[in-house]
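Trainee: I have this chain open and would like to talk it through with you. Could we start with the order of its elements?

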Amino acid sequence: MTNNIDPSPEQFSQFKSLPRDTEIMMLNLIELKQNASYEDQSLIISGADAYKRYGVESGPIFSRVGGEILWRGEPENVLIGPKSEHWDIAFIAKYPNAGAFLDMVTDPAYQAIVFHRQAAVKDSRLIRMGSSAKGESFAT
């Protein structure tokens, strides 16, 4: 199983090559570890508790760059997709532009606390989405 916790250099480079001046939404799907795995084993807490620490400590940085949570839901069932996928957390975060997201993830204060996310997450998906016109059906 591949654990997708941080972007690969190629993925991050591709993200940075996209327009930075348009509003973006980031779909987040998170599977948490039963027990967080801190490198120095200084904390013995659940993955859920470690992710809560990440949320509390990253929240002010997220707000400062203009981020907001558009939607948060509780995953109940994967109707289409691999049976092995299980998500504990799902939400869509909106940023005023991709530059704001980059400002957040490169901020030294964020870099100092992202280890909580890395300790908490077993697997994840982070998908950048732009806006499109509303349509009458799924295809438009």
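Mentor: Read along the sequence, the protein chain of this predicted model follows the pattern α-β-α-β-β-α-α-α-β, and its secondary structure comes to five helices and four strands.

Trainee: Which strands are joined to strand 1 by bridges?

Mentor: Strand 1, residues 24-32, runs antiparallel to strand 3, residues 89-95, with seven bridges joining the two, and eight bridges join strand 1 to strand 4, residues 121-129, again in an antiparallel arrangement.

Trainee: And what stands opposite Met-26 in strand 3?

Mentor: Ala-93 stands opposite Met-26 there, while on the side of strand 4 the residue opposite Asn-28 is Leu-126.

Trainee: Changing topic, what is the radius of gyration of the protein chain?

Mentor: The protein chain has 16 Å, which agrees with the value near 14 Å that a compact globule of 140 residues would have, and its C-alpha atoms fill a box of roughly 50 × 35 × 25 Å along the principal axes.

Trainee: What about contacts, how much comes from residues 24 or more positions apart?

Mentor: Among the contacts with a separation of 6 or more, such residues account for 78%.

Trainee: Last one, how far apart are the mean positions of the positive and negative charges?

Mentor: For the 14 positive and 18 negative charges of the protein chain, the mean positions are 1 Å apart.

Note on methods. Residues are numbered from 1 along each chain as its sequence is written. This is a predicted model: local features need pLDDT of at least 70, side-chain atom pairs count only at pLDDT 80 or more; totals for chains, interfaces and linings use all residues. Side-chain values use heavy atoms; hydrogens and water are left out. Buried means under 20% relative accessible area, exposed over 50%, partly exposed in between (1.4 Å probe, protein chains only). Two strands pair if DSSP finds at least two bridges between them. The radius of gyration is taken over C-alpha atoms; the globule rule is 2.2 Å times the number of residues to the power 0.38. Contact means heavy atoms within 4.5 Å. Lys and Arg count as positive and Asp and Glu as negative; His and the chain ends are not counted. The place of a charge is taken as NZ of Lys, CZ of Arg, CG of Asp or CD of Glu.
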